[in-house]
Amino acid sequence: MKYDLMLIGPATRDINIDYTGQEVREIGGAVFFCAYAAAAASANLFASVKIHPDDTDVLDAFHLDSDHIAVLPAQCTTLMQNTYFTADRERRKAECLAQSDAITPDQIPDVDCGLYHLAGLLDTIDALYTRYNALLYENGYGPKYDLGDARMFVTEGMEKVRQVIAENR
């Protein structure tokens with residue numbers, strides 16, 4: 001079976017603490033959230049999820065058939081704690097309390113896919129911004145797209161995602 005997309009990355013167990021101190025435990029991670037975005041775009045999806053083998057309950061949150069998902073064994077499942085300081089959740093402290101080990105090429109299943117997405121490679125936000133902004137600056141995207149000195153990504157939206165998926169089926 002050919003899939004439109006394979007998501008590859010660590011799922012997380014998230015501890016979210018709101019500004020009142022109320023704690024909620026949820027499944028998270030870019031690979032998890034990307035799975036919902038891909039489903040909304042009607043993608044035929046395969047997920048390769050880095051978790052500890054004892055944490056397979058995490059897979060239930062993906063709502064994928066068992067032949068559409070694979071566990072990439074980890075020494076531990078990534079654990080994140082997000083502490084929100086305001087009701088609108090705009091200000092927060094994000095802490096990685098435990099991080100799964102690296103995904104190695106030999107762990108990635110041999111599955112026929114049109115596109116592979118490395119989701120949720122943990123890094124500090126500052127380091128990511130530095131890299132992204134360097135890319136924008138070095139390639140002259142500010143002047144090219146009339147962004148001025150803005151530091152951001154330009155996304156093309158869901159229609160572009162659907163188009164790419166359709167072209168790679």
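User: Is Thr12 buried or exposed?
Analyst: Thr12 is buried, at a relative accessible area of 5%. Buried means under 20% relative accessible area, exposed over 50%, and partly exposed in between, using a 1.4 Å probe and protein chains only. Bear in mind that this is a predicted model: local features need pLDDT of at least 70, side-chain atom pairs count only at pLDDT 80 or more, and totals for chains, interfaces and linings use all residues. Residues are numbered from 1 along each chain as its sequence is written, and side-chain values use heavy atoms, with hydrogens and water left out.

User: Where does Thr12 lie?
Analyst: Thr12 is in strand β2, residues 12-17. Strands (E, at least two residues) and helices (H or I, at least four) are DSSP runs, numbered from the N terminus.

User: What does the side chain of Thr12 reach?
Analyst: The backbone nitrogen of Gly29, at 3.1 Å. The Thr12 side chain also makes a polar contact with the side chain of Asp14 at 2.6 Å. A polar contact is a pair of N or O atoms within 3.5 Å; within protein, one must be able to donate a hydrogen and the other to accept it, and residues adjacent in sequence count only if both atoms are side-chain atoms.

User: And which residues is Thr12 in contact with, leaving aside neighbours within four places in sequence?
Analyst: Glu26, Ile27, Gly28, Gly29, Thr78 and Met80. Contact means heavy atoms within 4.5 Å.

User: Switching topic: how many residues are in the largest nonpolar core?
Analyst: That core has 19, and Ala11, Val31, Val49 and Phe62 have the most contacts inside it. β1 (3-10), α1 (30-40), β4 (45-51) and α2 (57-60) each supply at least two of its residues. There's also a second, separate core of 8 residues, including Tyr3 and Phe46. A nonpolar core is a set of buried Ala, Val, Leu, Ile, Met, Phe, Trp, Tyr and Cys residues joined through side-chain atoms within 4.5 Å.

User: What about Leu72, buried or exposed?
Analyst: Buried, with a relative accessible area of 1%. Leu72 lies in strand β5, residues 69-73. Beyond residues up to four places away in sequence, Leu72 touches Ile8, Val49, Ile103 and Pro109, among others. Its C-alpha is 7.4 Å from that of Ile108, 36 residues apart along the chain.

User: Zooming out, how many helices and strands are there?
Analyst: The protein chain has 5 helices and 8 strands, running β-β-β-α-β-α-β-β-β-β-α-α-α from the N terminus. Of its 169 residues, 33% count as buried.
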